[in-house]
Amino acid sequence: MNNNSIPLQNTTDKTCNLIIKIIGFGNVYMGDDGIGIRVIEKIKEQGIFAGYGNIEVIEGGVSGVDLIFFLQQADKIIIIDAVDAGQGIGEIVTFNIGEIIDFGDKVIKSFSLHDINLKEVFELIRALKIEKDLKIIGINPKEVGYGEKLSPQIENKIPQIISMIKKEAGISNL
């Protein structure tokens, strides 16, 4: 067999067998609410995961219920969104599905998921017995209002968010 006929992929032992979906949520017409989509656009523009057949990069829009469909055929999901979990403006937080549900009555506000809040989405995922490795990377927005641009404070966090995504995907050596 000719070695040149075997397609090569950039993978590591940690990620080669995992199907990973990286999903950015947001509304690009509402300022900093569009951070998830803007991060996805930057990832695609830079071709960061282009050589990884096991990683899909998705613009998720604003529907939390759609997340249920994105979960299909994935082992790990990394979500990027504008999230207020009580952290300061421009601060980034990460958490998993269990941590969201365990917050109890504390409100974790996703600015992007307009049809259902994050806690309700994750309760639905648990009720449907969907067992996935799910991580949220959220940044508290500065300005959410009509406009297509991110505030500079939030836009400047995109490289840090991308580094966090690469680490979560197990390929932080890029």
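This is a predicted model: local features need pLDDT of at least 70, side-chain atom pairs count only at pLDDT 80 or more; totals for chains, interfaces and linings use all residues.
1. From α1, the residues involved are Ile-35, Arg-38, Val-39, Lys-42, Ile-43 and Gln-46. They meet Ile-158, Ile-161, Ile-162 and Ile-165 of α6. By type, the contact residues divide into 7 nonpolar, 1 polar and 2 charged.

2. Now the geometry. Two packed helices are described by the angle between their axes and the distance between the axes. Helix α1 covers residues 35-46, and helix α6 covers residues 158-168. Their packing angle is about 75 degrees, and their axes lie 10 Å apart. Angles of 65 to 115 degrees count as roughly perpendicular. The two helices, α1 and α6, are therefore roughly perpendicular to each other.

3. Next, the aromatic rings. How many aromatic pairs does a search of the whole structure find? The search finds 1. Phe-49 and Tyr-52 form an edge-to-face pair. The ring centres are 6.2 Å apart, with 70 degrees between the planes. Phe-49 is buried, at a relative accessible area of 5%. Tyr-52 also counts as buried, at 6% relative accessibility.

4. Turn to strand β3, residues 76-84. Of its 9 residues, 8 are buried, so β3 is largely enclosed by the rest of the structure.

5. Which strands are joined to β3 by bridges? One is β1 (residues 20-25), which runs parallel to β3 and is joined to it by 5 bridges. Here Ile-23 has Ile-79 of β3 as its bridge partner. Another is β6 (residues 133-139), also parallel to β3, with 7 bridges between them. In this pairing, Ile-80 stands opposite Ile-137 of β6.

Terms used: Residues are numbered from 1 along each chain as its sequence is written. Side-chain values use heavy atoms; hydrogens and water are left out. Axes are lines fitted to C-alpha atoms, for helices over the stretch in contact, and angles run from 0 to 180 degrees between N-to-C directions. Helices (H or I, at least four residues) and strands (E, at least two) are DSSP runs, numbered from the N terminus. Angles under 35 degrees count as roughly parallel, over 145 as roughly antiparallel, 65 to 115 as roughly perpendicular and the rest as oblique. Contact means heavy atoms within 4.5 Å. Ala, Val, Leu, Ile, Met, Phe, Trp, Tyr, Cys and Pro count as nonpolar, Asp, Glu, Lys and Arg as charged, and the others, Gly among them, as polar. Rings of Phe, Tyr and Trp (its six-membered ring) pair if their centres lie within 6.5 Å; planes under 30 degrees apart count as stacked, over 60 as edge-to-face and the rest as tilted. Buried means under 20% relative accessible area, exposed over 50%, partly exposed in between (1.4 Å probe, protein chains only). Two strands pair if DSSP finds at least two bridges between them.
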